[in-house]
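Let's take a friendly walk through one protein model. Have a look at the structure first, and then we'll go through it part by part.

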Amino acid sequence: MDDVSFLERTQGELMAYSLLYGGLLALLIYNLLTFIATRERAFLHSVLYLGAFLLFNFTLRGFGYQFLWPEWPRFNQQMLLLSAGLLYGALTLFSIDYLNLRQQAPRLARLFAWLTGLILLSVLPVFADRFAWVLRALVPLGIVYALLLLGTAIWLGHRRDSLARVFLVAWGGLLVGSVVYCLRLGGFVPYGIVSEYALELGAAFGFLLLAFGLACKISRLKRAKLAAERETYELQRSLSQQLETQVNERTQELEEANQRLAAMVRTDPLTGLLNRRQFETLLSEEILRHQRDDKPLLFAMMDIDDFKLFNDTYGHQAGDEVLIEVSKLLRAHFRRAGDRLFRLGGEEFGILLEADSLEAGQFALERFRHSLQQLQIPHKKSRHGVVTASFGLVCCSDYRQAPSAMALYRQADQAMYEAKELSRNRVVTRSLLEKA
């Protein structure tokens with residue numbers, strides 16, 4: 001070349017390398033800032049990979065010796081091989097993380113780690129100026145490493161991993177550039193712009209593709225994160241609904257238990273009728289209500305005839321069954337809204353009737369008495385031969401004569417005992433009328 005041609009070529013090379021190094025350095029700074037913002041290790045490893053390649057290529061092309069350490073040619077040879085070892089180490093970190101080998105192929109990840117360790121050990125003799133030893137070990141190890149990484153990318157790409165396919169194209173471009181450059185150095189490929197700068201062209205192409213792959217990886221991680229958040233939200237919502245359902249079930253069970261408890265407090269456990277405590281409370285309220293409305297109140301006492309003899313003859317279990325049957329019959333007959341039925345103790349029952357007159361109340365009791373007798377429950381100790389009952393009915397319109405529940409109870413009880421003295425199985429009535 002003449003001086004002018006050589007100067008023009010040198011200036012063109014410097015311009016091309018300035019653009020290459022400037023672009024790769026800008027990409028490195030961008031990835032570093034992205035790592036600081038996102039804390040994704042893939043960006044940090046890409047920074048190390050880019051930095052190692054820049055150092056290796058800067059030294060390989062002589063810029064380090066020209067601008068940074070022109071007085072140390074021995075150090076330049078050492079730095080060239082050391083930067084090659086660092087490049088393999090950074091590439092391993094980047095590839096394992098980018099291809100997610102620890103999850104997809106943990107054995108391959110360990111194999112790359114061991115192979116990279118051998119490569120790093122193989123460059124250590126440079127500190128003793130054994131450059132030939134290093135090259136004899138580094139070249140075959142590097143070829144094995146490159147083929148293994150290429151095979152891994154092909155295998156993962158065959159499994160439809162889109163990131164692995166991007167990596168395969170990027171790594172393939174760098175490999176092709178490296179092979180063409182090595183063939184040019186060996187004289188197998190003629191000198192030319194493409195063959196001379198094939199390494200840089202392949203590297204630039206690969207790094208641009210890997211930048212695109214990193215963007216896809218972050219997008220995939222975001223989608224996975226959103227999917228995990230949605231799954232967590234759905235799980236929380238499901239658990240919340242289950243908890244709410246359980247709380248509602250427990251609340252309902254508690255309410256039902258409280259209702260059963262309230263019923264147990266209010267009712268007789270054998271017959272299900274209201275108990276004596278409710279009798280006193282409700283009857284006192286009804287006395288006040290009827291007195292306020294100026295209406296007569298009808299209350300009856302009922303006692304099963306010769307019930308003790310029935311128990312002695314047939315047993316207490318049979319007696320309980322009779323009480324249950326009598327209670328069922330009472331509920332079947334007295335179903336009006338104001339009717340109230342009580343078991344006051346033993347075979348003794350109380351009936352608060354919703355009736356307008358003594359005659360209506362007596363008619364209702366007579367119907368029940370007849371129905372009870374028609375049940376034909378055997379009772380051989382009774383003069384009637386079957387289970388019967390005696391009734392004492394009180395119609396009260398003068399509440400001064402029965403001012404309380406117990407007073408009204410005593411009046412009905414006296415009428416009932418009068419029915420028992422009159423041969424039982426009958427209704428005796430008593431009127432508590434206002435005196436003129």
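## Ground rules

Helices (H or I, at least four residues) and strands (E, at least two) are DSSP runs, numbered from the N terminus. This is a predicted model, where local features need pLDDT of at least 70 and side-chain atom pairs count only at pLDDT 80 or more, while totals for chains, interfaces and linings use all residues. Residues are numbered from 1 along each chain as its sequence is written, and side-chain values use heavy atoms, with hydrogens and water left out.

## The largest pocket

Which helix gives the most to the lining of the largest pocket? That's H8, with 9 residues. A pocket here is an open set of points on a 1 Å grid over the protein atoms alone, where a 1.4 Å probe fits, with protein on both sides within 12 Å along at least five of seven lines; lining residues have an atom within 4 Å of a point.

The largest pocket holds about 920 Å³ of space, a volume being the space filled by probe spheres set on the grid points, which are joined across faces, edges and corners. Its lining has 27 residues, and Phe56, Tyr88, Gly142, Ser178 and Cys182 are the closest to the centre.

## The nonpolar cores

A nonpolar core is a set of buried Ala, Val, Leu, Ile, Met, Phe, Trp, Tyr and Cys residues joined through side-chain atoms within 4.5 Å. Buried means under 20% relative accessible area, exposed over 50%, and partly exposed in between (1.4 Å probe, protein chains only). In the largest core, with 59 residues, Tyr49, Tyr98, Leu101, Phe167, Trp171 and Phe207 touch the most other members. Apart from it lies another core of 31 residues, including Leu298 and Phe368.

## A tucked-in histidine

Now find His379, in the loop between helix H14 (358-374) and strand E4 (389-396). Is His379 buried or exposed? His379 counts as buried because its relative accessibility is 1%. A polar atom of its side chain lies 2.8 Å from the backbone oxygen of Asp306.

Most residues other than glycine have a negative phi. Asp129 isn't a glycine, yet has a positive phi of about 60 degrees. You'll find Asp129 in the loop between H6 and H7, and it is partly exposed at 33% relative accessible area.

Arg424 also isn't a glycine, and has a positive phi of about 65 degrees. Arg424 sits in the loop between helix H15 (405-421) and strand E5 (427-432).

Conventions: A polar contact is a pair of N or O atoms within 3.5 Å; within protein, one must be able to donate a hydrogen and the other to accept it, and residues adjacent in sequence count only if both atoms are side-chain atoms.
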